[in-house]
Amino acid sequence: MKKITIQTLQELKERNEPFAVLTAYDATFSRLMDDANVEVILVGDSLGMVIQGHDSTVPVTLEDMCYHIKNVKRGVNRSLIIGDLPYMSYATPEQTYINATRIMQSGANMVKLEGGQWLTDTVKGLTERGIPVCAHLGLTPQSVDALGGFKVQGRDDKTAKQLLEDAQALQNAGAKLLVLECVPSTLAKQVTESLTIPTIGIGAGADCDAQVLVLQDMLGLNTQFKPKFVKNFMAEVHGDIKAAIELFVSEVKARNFPGDEHSFK
């Protein structure tokens, strides 16, 4: 099968065909995902919580990200790899260019950063320099302290309007994908329909162009905390990891996941 590119994802959106995204942090799991036709693998700074045992993503360093991206790359033939820029590694455009270069040279096909209109100059600069950008709005885990915890975003008219404006501004600046995390499903649908670029939902309802989950969450390995938007796919296939990944892919493509029980009003 052909290598997944940004253009592939754009064509899927235009055909209204959902695609699957999962996090991975090593070659073993990235190979399983690649074989299961997961279109996009996100090497997320979520590794700070699920791999390193921190209570947030804030302690994750650029060196951590580059190490895990290199590992994931070794297991991939087809999937597109997105690498997170970690906390405070993109405070200025100049800093971002240097750090994004390291993420790309480690094996990522695209970088992801969190934030709204304040990032437009940075996104534009990265795009002009040939570095594709995935933006991230809604619940932005790197800002969890400023947000007052892991809370749903965009529930009132003012913040919903701001999120819509941020999404449009990021697209106009050159972002090629947009993650929407923990926003009401009706708002996520509005954003998805208003943009020409694909949206990737996590706790954002079934109308996004793609769905992403953290690997350890969808395998039911996180026993301490289970967000509303998580489904344990491994429980349905009697502990078979490969089958659980394949089930996630098939349910996303059929729009059977997420259901109403995994979404916010």
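A: T57 is buried, because its relative accessible area is 3%; buried means under 20%, exposed over 50%, and partly exposed in between, with a 1.4 Å probe and protein chains only. The model is predicted, so local features need pLDDT of at least 70 and side-chain atom pairs count only at pLDDT 80 or more, while totals for chains, interfaces and linings use all residues. Residues are numbered from 1 along each chain as its sequence is written, and side-chain values use heavy atoms, with hydrogens and water left out.

The position of T57 is in the loop that joins α3 (47-50) to α4 (62-73); helices (H or I, at least four residues) and strands (E, at least two) are DSSP runs, numbered from the N terminus. Apart from neighbours within four places in sequence, T57 is in contact with D45, S46, M49, P141 and Q142, where contact means heavy atoms within 4.5 Å.

When residues up to four places away in sequence are not counted, L215 touches T23, F29 and M33. From L215 to E261 there are 46 residues in sequence, and their C-alpha atoms are 19 Å apart in space.

The aromatic residues come next. The structure holds 4 aromatic pairs; rings of Phe, Tyr and Trp (its six-membered ring) pair if their centres lie within 6.5 Å, and planes under 30 degrees apart count as stacked, over 60 as edge-to-face and the rest as tilted. F233 and F248 form an edge-to-face pair, because their ring centres are 5.4 Å apart and their planes stand at 90°. This pair links distant parts of the chain, 15 residues apart, with F233 in the loop between α10 and α11 (241-253) and F248 in helix α11. Both F233 and F248 are buried. F233 also pairs edge-to-face with F257, at 5.3 Å centre to centre and 80° between the planes. Because F233 is in the loop between α10 and α11 whereas F257 is in the segment after α11, this second pair ties together parts that are 24 residues apart in sequence. F233 has a relative accessible area of 0% and is therefore buried; F257, at 3%, is buried as well. Through these ring pairs, F233, F248 and F257 are linked into a cluster.

Another ring interaction involves a charged side chain. R129 lies over the face of Y97, 4.2 Å from the ring centre; a charge sits over a ring if NZ of Lys or CZ of Arg is within 6 Å of the ring centre and within 35 degrees of the ring normal. R129 is placed in the loop between α6 (120-128) and β5 (133-138). A polar atom of the R129 side chain lies 3.0 Å from the backbone oxygen of G125. A polar contact is a pair of N or O atoms within 3.5 Å; within protein, one must be able to donate a hydrogen and the other to accept it, and residues adjacent in sequence count only if both atoms are side-chain atoms. R129 and T101 are 28 residues apart along the chain, with 10.0 Å between their C-alpha atoms.

A polar atom of its side chain lies 2.8 Å from the backbone nitrogen of T196, and one lies 3.1 Å from the backbone nitrogen of I197. Q171 is buried because its relative accessibility is 13%. Beyond neighbours within four places in sequence, Q171 is in contact with L195, T196 and I197.

In helix α9 (residues 185-194), the buried residues are S185, L187, A188, V191 and T192. Viewed down the axis of α9, these residues fall within an arc of 160° and so line one face of the helix; the arc is that of the directions from the helix axis to the C-beta atoms. T186 and E193 are exposed on the other side of α9. The buried residues of α9 pack against α1 (6-14), α8 (157-173), β6 (177-181) and β7 (199-202).

Finally, the cysteines: a search of the whole structure finds 0 disulfides, a disulfide being a pair of cysteine sulfur atoms within 2.5 Å. C66 is in no disulfide, and the nearest cysteine sulfur, that of C134, is 17 Å away. C208 is likewise in no disulfide, with the nearest cysteine sulfur, that of C182, 11 Å away. C66 counts as buried because its relative accessibility is 5%, and C208 counts as buried at 1%.
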